Amino acid sequence: MELGSGTGHVTKDLLNLAGAKTAHGLEPSPVMVARAKKSFGDDARLTFEIGDAKSTGFEDASFDLVRMHTLLCHVPGPEDIVREAFRILKTGGVLAICDGDYNTATAQIADFDPLHQLVRLMINQNVTNLWIMRQIPGILLETGFELGACTGHGYVAAKEAT
Ligand SMILES: C[S@@+](CC[C@H](N)C(=O)[O-])C[C@H]1O[C@@H](n2cnc3c(N)ncnc32)[C@H](O)[C@@H]1O
């Protein structure tokens, strides 16, 4: 399950990269869901539907893995979504969260670099919570999750930017 699946590309990765047999995307924007269905609708292993990650309507313990890829930074009340993920995950299931530590995002290479102002403008207009990845360990533990692997990746990379 991917919550906040957008155009569905990351949902598809659950098949190709994570080896899932089936994957489902939930996304509130009808435009995004239509785009995902148009792109991936011919693959029977992939399904998409309109919905809110805070109240998915799925039964308890429905999924082996829940993925959130750049979702939590955009929503007020991220703990509501984490709680819902806990509810719909099977016992022993995995919640995988990828998001930005936006407060440290910069392309600045000198004092007063104007590019830095552009990056901050983009972030301030698009990101609701700049500190989500620092808050998330506490939210996970309060919800009842055990913490697994936690890895950081720098914003600056040259050549292969994996
Ligand atoms: C930056 S996009 C990421 C899309 C996709 N996960 C990806 O990485 O390609 C964030 C997505 O979260 C969705 N979103 C916002 N609030 C949501 C909510 N309450 N429940 C589910 N999705 C939500 C937005 O509509 C948007 O498609």
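User: Which residues lie nearest the centre of the second largest pocket, and how many line it?

Analyst: Met1, Ala20, Thr22, Asp64 and Leu65 lie nearest its centre, and 14 residues line the second largest pocket. A pocket here is an open set of points on a 1 Å grid over the protein atoms alone, where a 1.4 Å probe fits and protein lies on both sides within 12 Å along at least five of seven lines; lining residues have an atom within 4 Å of a point. This is a predicted model, where local features need pLDDT of at least 70 and side-chain atom pairs pLDDT 80 or more, while totals for chains, interfaces and linings use all residues. Residues are numbered from 1 along each chain as its sequence is written, and side-chain values use heavy atoms, without hydrogens and water.

User: How much space lies in the second largest pocket?

Analyst: About 270 Å³. That volume is the space filled by probe spheres set on the points, which are joined across faces, edges and corners.

User: How does the lining of the second largest pocket divide by class?

Analyst: Seven residues are nonpolar, four polar and three charged. Ala, Val, Leu, Ile, Met, Phe, Trp, Tyr, Cys and Pro count as nonpolar; Asp, Glu, Lys and Arg as charged; the others, Gly among them, as polar.

User: Now the largest pocket. How much space does it hold?

Analyst: The largest pocket holds about 1,000 Å³ of space. Its lining has 33 residues, with Ala96, Ile97, Cys98, Met133 and Ala149 closest to the centre. By class, 17 are nonpolar, 12 polar and four charged.

User: Which element gives the most to the lining of the largest pocket?

Analyst: E5 does, with 10 residues. Strand E5 spans 89-98, and helix H5 (132-143) also supplies at least two residues of this lining.

User: How many salt bridges does the model have?

Analyst: Side chains of opposite charge can pair when their charged atoms come close. The rule asks for a side-chain nitrogen of Lys or Arg within 4 Å of a carboxyl oxygen of Asp or Glu. The count comes to seven.

User: Which parts does the pair of arginine 87 and aspartate 60 tie together?

Analyst: The closest N and O atoms of this salt bridge are 2.6 Å apart. Arginine 87 lies in helix H3 (residues 78-88) and aspartate 60 in the loop between strand E3 (46-50) and E4, so the pair ties together parts 27 residues apart in sequence.

User: Are these two residues buried or exposed?

Analyst: Buried means under 20% relative accessible area, exposed over 50%, partly exposed in between (1.4 Å probe, protein chains only). Arginine 87 is partly exposed at 29%. Aspartate 60 is exposed at 52%.

User: Where do aspartate 64 and lysine 90 sit?

Analyst: Their side chains meet in a salt bridge at 3.2 Å, N to O. Aspartate 64 is in strand E4 and lysine 90 in strand E5, 26 residues apart. Aspartate 64 counts as exposed, at 53%. Lysine 90 is partly exposed, at 35%. Asp64 is also among the residues nearest the centre of the second largest pocket.

User: Which residues are linked in a network of salt bridges?

Analyst: Lys54, Asp80 and Arg83. The closest N and O atoms of aspartate 80 and arginine 83 are 3.2 Å apart. These two are three residues apart in helix H3, so about one helical turn separates them.

Conventions:
Helices (H or I, at least four residues) and strands (E, at least two) are DSSP runs, numbered from the N terminus.
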